Amino acid sequence: MSAVATPARQASSGISSKTLNRVVIYGLLALFALFYLMPLFVMLVTSFKTMDEIQNGNMLSLPHAPTFAPWIKAWSEVCSGLTCVGMKGYFWNSIKMVVPAVLISTLLGALNGYVLTKWRFRGHTLVFAMMLFACFIPFQSVLLPMATILGSLGRFGVTLQNATGFNFGLGNSTVNLVFVHVVYGLGFTTLFFRNYYEAFPTELIKAAQVDGASFFQIFRRIMLPNSLPIIVVTVIYQFTNIWNDFLFASAYAGSGDVMPMTVALNNVVNTSTGVVEYNVNMAAAMIAALPTLIVYIVAGRYFVRGLMAGAVKG
Amino acid sequence: MSSVATTQIKLTPERSRPSVRSRLQDALPKLVLAPSFAITIVFVYGFILWTIYLSFTNSKTFPSYVITGSRAYQRLWGWTFDTDPPSSWYTSITNMGIFGFLYIAICLALGLFLAILLDQKIRGEGVLRPIYLYPMALSFIVTGVAWKWFLDPGLGLEQTLHQWGWTSFHFDWIKNKDFVIYTVVIAGVWQASGFIMAMFLAGLRGIDGEIMKAAQIDGATTFQLYRRIVIPLLRPIFLSAFIVLAHLAIKSYDLVVALTSGGPGGSAWLPSNFMYEYTFKRNEMAVGSASAVIMLMTIVAIIVPYLYSELREKPR
Amino acid sequence: MLRKLLIGTALATTFAFSAHAEDVKEVQMLHWWTSGGEAAALNVLKGDLAKEGYAWKDVPVAGGGGDAAMTALKAMVAAGNYPTASQMLGYTVLDYAAAGVMGDLTETAKKEGWDKSVPAALQKFSVYDGKWVAAPVNVHSVNWLWINKAVMDKIGGTEPKTFDDFIALLDKAKAAGVIPLALGGQNWQEATMFDSVVLSTGGPEFYKKAFNDLDDASLKSDTMKKSFDNLAKLVTYVDPNFSGRDWNLATAMVIKGDALVQVMGDWAKGEFNAAKKTPGTDFLCYRFPGTEGSVVYNSDMFGMFNVPDDRKAAQVALATATLSKSFQSAFNVVKGSVPARTDVPDTDFDACGKKGIADLKAANERGTLFGSLAQGYGAPPAVANAYKDVVSKFVHGQIKTSDEAVTELVKAIDDAK
């Protein structure tokens with residue numbers, strides 16, 4: 001905490017100590033950036049080396065003769081099972097599962113948080129505590145009962161299909177995964193929003209209520225516009241977790257045409273008794289992480305200070 | 001528990017004539033919450049009951065529904081005191097203590113610290129934030145390999161420093177059965193602390209600027225400002241961060257596997273490894289379920305008092 | 001709200017496909033041979049089936065040497081969506097057969113003469129209750145030494161015939177300043193090596209009694225204690241950084257000449273091949289000293305599930321193609337293993353492969369073909385993993401003496417039985 005203490009001195013003295021302060025802050029931030037970047041460095045240099053160099057050289061040294069071949073292979077040639085189309089073929093499978101799951105779970109989390117802080121009812125604490133504790137259920141122990149239920153829903157879907165011509169997505173593996181991720185993401189999204197809204201001024205809601213605003217109007221006009229930072233956090237969290245989930249994805253959507261990115265990456269990287277191509281693996285892992293990184297950068301821009309909170313108070 | 005607060009906040013309809021419409025309005029919040037709650041009851045609590053049930057059967061490869069007694073728990077109980085040589089269960093729970101405590105404490109401290117630094121109107125925040133966050137985005141089956149090399153005395157840091165001339169440098173924790181769990185802490189902190197930073201940053205950005213200004217006018221130093229005003233306001237965020245970290249800690253399965261392959265003689269196991277091994281790999285589903293139940297009970301014992309102290313407070 | 005959204009999502013994103021487009025001319029196959037050479041080897045089968053008009057629906061799930069795939073399989077079976085076939089190992093096949101979800105290929109087996117061509121030891125796992133439920137794909141054997149020939153020549157070593165020879169050879173390497181033994185300190189690698197040590201120390205009879213029959217007296221015996229002592233001796237020849245090392249990195253040490261020898265299953269040959277090394281000139285494959293004449297094996301099998309009748313023809317085609325001589329040869333040349341039937345010509349195989357085929361045949365006739373306990377062919381998974389725990393704890397010092405190791409082994413196996 002010494003660095004926090006440092007700015008304290010700034011208030012009393014002149015410009016030079018203020019500059020010093022900034023130097024210390026930037027220095028610390030840079031230092032930590034180094035710590036975070038180190039493994040990325042290992043991965044990057046490895047991805048540009050030939051296998052020969054990886055086996056014979058130092059893991060941390062720069063490539064002697066940088067090659068793009070591993071990246072090209074990872075992008076368009078690498079095999080996930082018998083399908084050798086590279087990582088590029090799996091983005092869409094993941095995106096069409098992740099985007100709905102993130103949107104639904106974030107929206108529900110926001111609504112839940114709103115109700116649990118601003119429209120409290122008897123027992124709201126218990127309801128919240130129960131939803132929060134849901135975060136801790138080990139996924140290994142839900143895998144089989146969930147599979148059984150999804151399987152029955154799938155058979156029900158076939159019946160519906162025969163009867164009505166529609167199966168409403170029942171039995172579709174992408175829909176199944178969206179459902180599973182919404183179910184097990186709700187605890188977190190509710191937690192995030194509830195704890196964020198906890199500090200949100202209740203007077204504001206009351207005032208709006210007096211003006212005749214409805215439940216949803218207040219949510220849309222007052223809560224949501226002031227929730228940008230927590231929406232960013234929730235989206236980052238949900239997107240990352242769902243994108244990187246392997247257990248559910250491999251168990252419920254393992255076959256080639258619906259296989260999400262993470263399962264494909266696992267298939268590329270993991271081999272029990274075969275030759276391991278570290279350079280291709282590293283490149284593939286970075287390619288697989290691209291959408292998540294884009295979300296971090298784009299969503300990160302909305303880490304803005306609350307806009308209305310100040311204005312209303314004033 | 002907070003009925004006083006409830007009545008205060010509860011929004012009563014303006015006119016007292018209860019029409020169908022207004023009654024619907026009244027029930028609307030509950031209706032909005034109901035689906036989420038119902039889903040949680042079925043797919044979380046229902047499945048927890050299922051797990052508890054299985055732990056009293058002799059389920060092996062597949063679930064079996066014949067209750068056969070508490071043998072799974074007796075075995076776990078016996079293993080709890082098998083310390084020489086340490087049983088896998090004993091290793092798992094002691095590692096959980098070390099890992100859980102260090103991981104949560106360091107991530108919270110580091111996350112808050114970085115968030116406060118980043119909140120000092122930093123130029124380049126947009127570059128630094130993704131740098132701190134990106135470890136979350138990468139699948140650990142690959143970053144685990146990068147860390148494994150980096151920490152390997154024959155391949156990574158130690159060898160490089162030796163080549164640079166610092167030959168007395170020695171860092172072989174990843175090969176040492178007594179220290180391997182700390183390397184898991186390092187990699188775990190690397191992976192999650194950026195997100196905790198983001199949570200605190202969101203919290204900081206949500207704080208009313210007027211409060212900060214008022215305090216500054218009152219002559220509070222920056223340190224006082226944070227200690228007395230900002231950090232107390234972040235309490236709900238601490239709760240969120242704690243829950244996220246605790247959940248990550250007890251589910252850190254791939255971390256251990258990718259980084260250490262279980263560690264020398266299985267010395268890096270965590271309960272999640274135990275649970276997975278016994279449920280799926282060793283075909284002892286009853287034991288796996290029992291260990292899951294014990295983990296959940298431990299979490300209840302830790303979380304419930306914390307929740308109680310956090311949630312019983314009146315809202316502002 | 002949620003329902004509406006879910007339905008909306010369903011309609012918006014994925015309505016186009018229906019999950020139940022039944023295709024009887026399709027083979028749905030769960031496996032964990034997902035990368036590089038393994039996938040290439042399996043592609044041969046896909047091609048064979050395509051020729052007969054069957055499409056291949058790939059369900060690859062890699063990770064943990066099949067653990068992730070087996071978890072996925074359990075979920076698929078729980079959901080009632082059986083694959084046509086799944087890659088499986090030994091006792092898993094029997095578990096699923098006992099649960100009544102496996103199909104019956106006895107008719108095909110009779111027609112194709114599998115009873116005669118597949119070694120009896122393998123049939124213990126591919127036949128349940130008199131019915132063929134799985135088609136074995138290959139036989140790996142684990143009691144091999146992989147030696148760098150240049151290093152061997154440099155230190156003037158010769159093929160070790162006994163355990164003492166082996167120790168003498170390792171000493172020579174040590175004196176020459178090479179790492180004598182390349183070992184990856186992960187429990188399955190240590191236990192795989194210990195399989196060979198036990199076979200060498202106690203002989204075939206003892207191995208079978210202890211590690212296949214789990215005979216209490218043998219497990220407790222002095223021979224077992226001596227085996228642990230021998231293992232301890234071997235461990236003194238590894239480099240200090242062995243702990244946690246992946247098997248392929250240990251193989252790379254031998255390929256590069258940093259180390260003299262690795263004790264590993266025949267999949268290590270794939271690494272030598274990938275590095276463009278030839279058996280006989282660049283590297284040598286010997287049986288683990290004192291185990292000549294016996295083969296400790298594990299085998300990959302394709303378990304056949306009880307699919308609806310309209311999918312059975314595809315399943316039969318898959319099983320037939322799997323056990324055809326041409327596929328067995330083509331596949332195993334690539335994979336480094338040997339065919340799962342003993343009547344496949346060895347013309348396409350390299351020197352090590354030829355020896356492997358001859359050894360398997362001889363061991364099958366002599367009754368010295370044993371399941372590897374470390375690889376899950378000696379005993380059910382609970383026991384096999386308990387065994388790996390004990391061996392690994394002994395290697396890494398949590399268990400300090402061979403006496404203690406024997407006690408712990410008996411205790412762990414009893415507990416897991």
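**Exercise 1.** Find how strand 7 of chain C is joined to strand 14 (residues 338-339) of chain C, and then which strand pairs with strand 7 through C:His140.

*Solution.* In this predicted model, 2 bridges join strand 7 to strand 14 of chain C, and the two run antiparallel; strands here are DSSP runs (E, at least two residues) numbered from the N terminus, and helices are such runs too (H or I, at least four residues), while two strands pair if DSSP finds at least two bridges between them. Within strand 14 of chain C, C:Val338 is the bridge partner of C:Val139. Strand 12 (residues 295-298) of chain C is also antiparallel to strand 7 of chain C and joined to it by 2 bridges, with C:Asn298 as the bridge partner of C:His140.

Residues are numbered from 1 along each chain as its sequence is written, and chains are lettered from A and ligands numbered from 1 in the order in which they are written. Because the model is predicted, local features need pLDDT of at least 70 and side-chain atom pairs count only at pLDDT 80 or more, whereas totals for chains, interfaces and linings use all residues.

**Exercise 2.** State which elements of chain B have the lowest and the highest mean pLDDT.

*Solution.* On pLDDT, the predictor's confidence in each residue from 0 to 100, chain B averages 86, and 93% of its residues score at least 70.
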